[in-house]
Amino acid sequence: MVYESKHPLVKHKLTLLRDVATEPKKFRELVRELAILLCYEATADLGLSEMMVETPMGTAAGAHLTEKIGLIPILRAGLGMVEGIWEMMPGAEVWHIGLYRDERTLKPVSYYNKLPTSPTVQVCLVLDPMLATGGSAVATVGILKNWGAERIKFVGILAAPEGVRALQAAHPDVPIHVAQIDSHLNNIGYIVPGLGDAGDRQFGTG
Ligand code: PRP
Ligand code: URA
């Protein structure tokens, strides 16, 4: 399943994020805020256990999250999506996956993975603002499945139709949550109209 956000706040913030005049500080702020909003939508089906809670006025029926959540940012650009989501779910574990796209082949090259031998979380949220060819997301989900992860969701900001198709074809069980699906990829694998290079724009390296 692919979920494209319909939320007005997401549309508003995405427009600011795309703007070529948005400086890295503001860009990082927007990535953080969009990540929180998109994660809110992506986690609507998390499991709950009922519990009672004592209030100053009596006893109330409540609930607590039952599943251990893993946040899996794809380096570098996924890093900017971690902090805001983590504030909402402070009990989450964060496992970094380092991949970069080879500029010539557009294939992902793996450079960092410190996952322990068996899975420590029940739900994995893969975080990467950009789903372009889909190579990085497909590889990351593959790594998580080899680890033994059973429930995986992809949370991104912008996607190209090509990336959505690739991720769905390779991992049809992984729901995709994004702010928007754009028109197409250009001849160097960039999303059009997109927002440029999400890593460079966050880290001021463009
Ligand atoms: C960008 C982006 C994704 C990837 C998407 O990272 O953050 O990880 O490209 O492209 P794909 O869907 O075609 O794989 P990049 O490789 O530029 O690395 P960086 O985040 O370190 O800049
Ligand atoms: N990575 C980016 O940062 N931007 C794109 O448009 C495609 C891949």
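Let me start with a term: partly exposed means a relative accessible area between the buried limit, under 20%, and the exposed limit, over 50%. Hold on to that for the first residue. Arg151 has 27% relative accessibility, so Arg151 counts as partly exposed. One caution before I go on. This is a predicted model.

Now, charge pairs. Side chains of opposite charge can pair when their charged atoms come close. How many salt bridges does the count come to? Nine. I will walk through three of them.

Start with Asp45. Asp45 forms a salt bridge with Arg151, and their closest N and O atoms are 3.2 Å apart. Where do the two sit? Asp45 is in the loop between α2 (24-42) and β2 (48-55), while Arg151 is in strand β10 (residues 151-155), so this pair ties together parts that are 106 residues apart in sequence. Is Asp45 buried, exposed or partly exposed? Its relative accessibility is 45%, so Asp45 counts as partly exposed.

Asp45 has another partner. With Lys153 it forms a salt bridge, the closest N and O atoms being 2.9 Å apart. Lys153 lies in strand β10 and Asp45 in the loop between α2 and β2, so here the parts tied together are 108 residues apart in sequence. Lys153 is buried, because its relative accessible area is 5%, and the limit for buried is under 20%.

Back to Arg151. Its side chain also meets that of Glu67 in a salt bridge, at 2.6 Å from N to O. Glu67 is in the loop between β3 (58-65) and β4 (69-75), and Arg151 is in strand β10, so the pair links parts 84 residues apart in sequence. Asp45, Glu67, Arg151 and Lys153 are joined into one network by salt bridges that share partners.

Next, the nonpolar side. The largest nonpolar core has 36 residues. Which residues have the most contacts inside it? Leu17, Ile69, Leu71, Met89, Leu125, Leu127 and Ile157. At least two residues of this core come from each of α1 (8-18), α2, β4, α3 (82-88) and β8 (123-127). α2 gives the most, with nine residues.

Take Leu71 as a case. Setting aside neighbours within four places in sequence, Leu71 is in contact with residues including Val82, Ile85, Trp86, Met89, Leu125 and Leu127. Trp95 is also among them.

Methods:
Residues numbered from 1 in each chain as written. Chains lettered and ligands numbered in written order. Predicted model: local features only at pLDDT ≥ 70, side-chain atom pairs only at ≥ 80, totals over all residues. Heavy atoms only, no water. Salt bridge = Lys/Arg side-chain N within 4 Å of Asp/Glu carboxyl O. Helix = DSSP H or I, 4+ residues; strand = E, 2+ residues; numbered from the N terminus. Buried < 20%, exposed > 50% of the residue type's maximum accessible area, 1.4 Å probe, protein only. Core = buried A, V, L, I, M, F, W, Y, C linked by side-chain atoms within 4.5 Å. Contact = heavy atoms within 4.5 Å.
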